[in-house]
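Please open the model in your viewer and keep the selection tool handy. We will go from the whole chain to a few side chains, one stop at a time.

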Amino acid sequence: MRQKNKRWGRGAAAFLLCVLLIACSFLVPAVAADNGFSISVGSIENGGLVRVHIFADESRRFGGFSLKLRYTDTLLRFQSAQGFAHNGVVTAGLEKEGVVSVAFATASDTGYTGGDPACEIVFQIADGAVGTAELSLLVAEAIDTANAPLTGLGADPVTLEVTPLSLEITAPPLRKFYFCGEPLDLSGLAVTATFPGGVQAVLTEYAVRGFQSAVPGETVVTVRSGKNEAAFSVLIVLKGDVDANELVNTEDRALILQQAADRAALSEEQQFRMDLNGDGVVDGFDVLYENRYIQENA
């Protein structure tokens with residue numbers, strides 16, 4: 001008997017849940033395909049400018065509206081805004097960082113029927129910005145020409161991809177040579193991105209890959225931002241391998257002794273290979289280091 005009551009209780013609960021879901025479905029208003037407004041984002045111009053136009057639907061007659069355009073202020077910088085008069089007055093301007101306010105009002109019976117942009121808002125790409133900027137419109141208030149409130153209005157959010165067209169290594173890292181096992185040092189590296197419209201900016205964020213210092217030889221390091229890459233190379237050196245034959249032996253020590261005695265001019269790479277204690281001078285102290293490396297590689 002208890003089992004039967006238990007089954008009946010479960011069935012009743014499921015039935016009540018279905019009734020509740022059906023009832024709720026009638027309470028949720030349908031989303032209109034016609035949002036009343038739209039946002040149009042232009043291409044990136046010279047100087048990194050982006051023009052955004054806000055349109056009101058041509059099929060509606062507005063006596064007035066008040067909007068707020070929200071934007072990603074880490075990627076975009078507000079520059080200016082202007083409204084276009086269509087049987088009325090449009091004002092637009094920065095409310096606070098990340099929000100631009102737009103207001104339209106008319107005393108005309110014809111109102112504003114849309115078609116042309118209601119206003120233009122100009123942004124500038126932030127220096128070194130890379131990513132996706134989102135622009136969304138919030139309709140704070142809208143009325144028709146008979147001063148009746150309009151509801152359910154809005155605009156679909158739009159996105160702007162802020163990505164460079166190309167990357168360039170405009171200043172290589174200070175370090176060109178590494179001993180095996182040393183980590184990568186990017187001090188001095190400058191990566192410049194070129195954006196649509198010709199604007200250039202030095203990037204502060206990018207991905208780095210390809211560096212390995214486990215074995216001697218040249219290694220290519222790739223810098224990537226978005227779909228674009230640039231590269232530079234560094235040389236990995238086996239410590240104590242003065243003559244660059246990937247062996248550490250008495251011949252390497254003889255070259256250090258000769259340099260310590262003759263003080264001949266060295267290339268940048270030769271200086272790095274022989275100055276084993278890193279004091280900027282090739283002398284007897286480097287010979288002591290070389291003896292240790294010969295023993296370690298014997």
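**The whole protein**

Of the 298 residues in the protein, 35% are buried (under 20% relative accessible area with a 1.4 Å probe, protein chains only; exposed is over 50%, and partly exposed lies in between). This is a predicted model, in which local features need pLDDT of at least 70 and side-chain atom pairs count only at pLDDT 80 or more, while totals for chains, interfaces and linings use all residues. Residues are numbered from 1 along each chain as its sequence is written, and side-chain values use heavy atoms, with hydrogens and water left out.

Switch to a cartoon view to see four helices and 16 strands (DSSP runs numbered from the N terminus: H or I of at least four residues for helices, E of at least two for strands).

**Stop 1: the aromatic pair**

Select Phe37 and Phe62. Their rings form a tilted pair, 5.1 Å centre to centre with 35° between the planes. Rings of Phe, Tyr and Trp (its six-membered ring) pair if their centres lie within 6.5 Å; planes under 30 degrees apart are stacked, over 60 edge-to-face, and the rest tilted. The pair links distant parts of the chain, with Phe37 in strand 1 (residues 37-41) and Phe62 in strand 3 (residues 62-71), 25 residues apart. Both Phe37 and Phe62 are buried.

**Stop 2: the cores**

Which residues have the most contacts inside the largest nonpolar core? Select Phe37, Phe65, Leu69, Ile121 and Phe123; this core has 52 residues. A nonpolar core is a set of buried Ala, Val, Leu, Ile, Met, Phe, Trp, Tyr and Cys residues joined through side-chain atoms within 4.5 Å. Apart from it lies another core of 14 residues, among them Phe179, Leu235, Val242 and Val248.

**Stop 3: threonine 192**

Go to Thr192 in strand 12 (residues 190-194). Is Thr192 buried or exposed? Thr192 is buried, with a relative accessible area of 9%. Show Thr170 too: a polar contact of 2.9 Å joins the two side chains (a pair of N or O atoms within 3.5 Å; within protein, one must be able to donate a hydrogen and the other to accept it, and residues adjacent in sequence count only if both atoms are side-chain atoms).

**Last stop: a charge over a ring**

Finish at Arg175, which lies over the face of Tyr178 at 4.2 Å from the ring centre (NZ of Lys or CZ of Arg must be within 6 Å of the ring centre and within 35 degrees of the ring normal).
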